Amino acid sequence: MDAVIEVSELTKRYGGKTAVDHLSFTVRPGQVTGFLGPNGAGKSTTLRMILGLDAPTTGTATVAGVPFHRHPRGLRYVGALLDAGQVHGGRTAAAHLSALARGNGIPRRRVDEVLQEVGLAEAAKRRIGGFSLGMKQRLGIAAALLGDPPVLMFDEPVNGMDPEGVLWVRRLFRRLAAEGRTVFLSSHLMSEMENTADQLVVIGRGRLIAAEPLRDFAARGTRSSVVVGTPRAAELTAVLTAAGASVEPEGSAGAEKLAVTGLPAVRIGALAFDNGIRLDELTTRTASLEAAFMELTADSVEYPAGHPR
Ligand SMILES: Nc1ncnc2c1ncn2[C@@H]1O[C@H](COP(=O)(O)OP(=O)(O)OP(=O)(O)O)[C@@H](O)[C@H]1O
């Protein structure tokens, strides 16, 4: 059976608060799937339910068709990094991983292999308590990789990493997916997904907002527009509207700029020329993926900036 993560109508309530609300999605092997949502959207709660660390109020989460707690191979099937800070500070990196390996029937040689892999070979004998957050993230990733599992889940893996670490971790995720593994990683930042994820699962307030290829998400949310400057704004508006575009005045009144959606710049230029209308500016403005994310999750941010409650 494929190493698929399947979440179906998953719901988690804490008292009167619904953290995860009838969430359904599928995460497939061979790809990096980004799990994206603003702070408090319910990402960690969902990951914990997939790993059997929290019980769903209703609904199910399975990995390869089986709830994780009933998985015969445990850590050797699913590797996860949830909270990098939650490690015993008094232990060395090597001792921490050795204990995990022992407890899960994983050969000891894997400890050295994964320490090497995450760039912590030199720090193997150091106490974790003295590690930076970035090093703890690397150690958490090492622990996830220990059992050489086909399924990997990472909660905010990039937090606390320096730019070199961010690049490294991106390449690692891409490689793990290219090896045919199922790679599922959460973030509250779209920019982290931009160069890493193939697929996106986007949630807000515990509900599904989108589950689709990153490319489609970008295209759906970001309607690119063309900014047009002209001294004859009213006439041009009429011409463009007749050609099927939607036209909004841009900037302050009298600035003679229009924001046009629904027609490419080349067509706008041609229509203006055909109608003898001078253009002073013709600029295509492609909204960023970040903008698409903000737009789609705007209604679902728990604590929006600038809106005291
Ligand atoms: N044990 C708990 N008891 C009560 N409420 C909880 C508990 N765990 C999570 N919540 C609430 O559920 C909601 C979802 O939290 P969760 O940590 O899953 O979000 P998240 O998307 O991972 O956010 P972040 O990026 O901030 O970690 C939040 O409103 C949170 O306060």
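What follows is a set of questions and answers on this predicted model.

Trainee: How many helices and strands does the chain have?

Mentor: The model is a predicted one. The chain has 309 residues, and 37% of them are buried. Its secondary structure comes to 10 helices and 13 strands.

Trainee: How far apart do the C-alpha centres of domain 1 and domain 2 lie?

Mentor: The domain assignment places domain 1 at residues 5-213 and domain 2 at residues 223-285. Between the C-alpha centres of domain 1 and domain 2 the distance is 47 Å.

Trainee: What percentage of the contacts with a separation of 6 or more comes from residues 24 or more positions apart?

Mentor: The count takes in the contacts in the chain with a separation of 6 or more. Of these, the share from residues 24 or more positions apart is 69%.

Trainee: Which element gives the largest share of the shell around the ligand?

Mentor: The residues around the ligand include Tyr14, Lys17, Ala19, Lys43, Ser44, Thr45 and His188. Two elements give two or more residues to this shell, strand E2 (17-27) and helix H1 (43-50). The largest share, three residues, comes from H1.

Trainee: How many residues of that shell are nonpolar, polar and charged?

Mentor: Among the residues around the ligand are Gly37, Asn39, Gly40, Ala41 and Gly42. The shell as a whole divides into two charged, three nonpolar and seven polar residues.

Trainee: Is H1 largely enclosed or largely open, and why?

Mentor: The buried residues in H1 are Lys43, Thr45, Thr46, Leu47, Arg48, Met49 and Ile50. That is seven of the eight residues of the helix, so the rest of the structure leaves H1 largely enclosed.

Trainee: Which residue with a positive phi follows H1?

Mentor: The phi of this residue is near 75°. The residue that follows H1 is glycine 52.

Trainee: Which strands does H1 lie across, and at what angle to E1 does it run?

Mentor: The sheet in question is open and has three strands in the order E2-E1-E4, paired antiparallel. On average, neighbouring strands in this sheet are turned by 20° against each other, direction ignored. H1 lies across E1, E2 and E4, and its angle to E1 is about 120°.

Trainee: Why is one side of E2 and of E4 left without a neighbour in the sheet?

Mentor: In the order E2-E1-E4 the pairing is antiparallel. E2 and strand E4 (58-63) stand at the edges, so one side of each has no neighbour in the sheet, and each has a single partner strand.

Trainee: Which strands are at the edges of the four-stranded open sheet?

Mentor: The order of this antiparallel sheet is E11-E12-E10-E13. Each edge strand pairs on one side only, and the two are strand E11 (246-250) and strand E13 (281-285).

Trainee: Which residue of E13 stands opposite serine 225?

Mentor: Strand E10 (residues 225-229) runs antiparallel to E13, and five bridges join them. The residue of E13 opposite serine 225 is arginine 285.

Trainee: What angle does helix H9 make with E13?

Mentor: Helix H8 (residues 233-242) packs on the sheet, touches E10, E11 and strand E12 (257-261), and makes about 5° with the direction of E12. Helix H9 (residues 265-274) also packs on the sheet, where it touches E10, E12 and E13. Its direction and that of E13 make an angle of about 160°.

Trainee: How many residues of strand E8 are buried?

Mentor: On one side of E8, Gln199, Val201 and Ile203 are buried, and on the other Leu200, Val202 and Gly204 are buried. For strand E8 (residues 199-204) the count is six of six.

Trainee: Which residue in the turn between E8 and E9 has a positive phi?

Mentor: E8 pairs with strand E9 (residues 207-213) in the antiparallel sense over six bridges. The two strands form a hairpin with two residues between them. The turn residue with a positive phi, about 50°, is arginine 205.

Trainee: Which residue of E8 stands opposite phenylalanine 35?

Mentor: Strand E3 (residues 31-36) runs parallel to E8, and four bridges join the two. In E8, the residue opposite phenylalanine 35 is valine 201.

Key. Residues are numbered from 1 along each chain as its sequence is written. This is a predicted model: local features need pLDDT of at least 70, side-chain atom pairs count only at pLDDT 80 or more; totals for chains, interfaces and linings use all residues. A residue is buried if 20 or more other C-beta atoms lie within 10 Å of its own, exposed if 12 or fewer, and partly exposed in between; C-beta atoms are placed from the backbone. Two residues are in contact if their C-beta atoms, placed from the backbone, lie within 7 Å. Domain bounds come from an automatic or database domain assignment. A residue is near a molecule or strand if its C-beta atom, placed from the backbone, lies within 6 Å of it. Ala, Val, Leu, Ile, Met, Phe, Trp, Tyr, Cys and Pro count as nonpolar, Asp, Glu, Lys and Arg as charged, and the others, Gly among them, as polar. Two strands pair if DSSP finds at least two bridges between them. Axes are lines fitted to C-alpha atoms, for helices over the stretch in contact, and angles run from 0 to 180 degrees between N-to-C directions.
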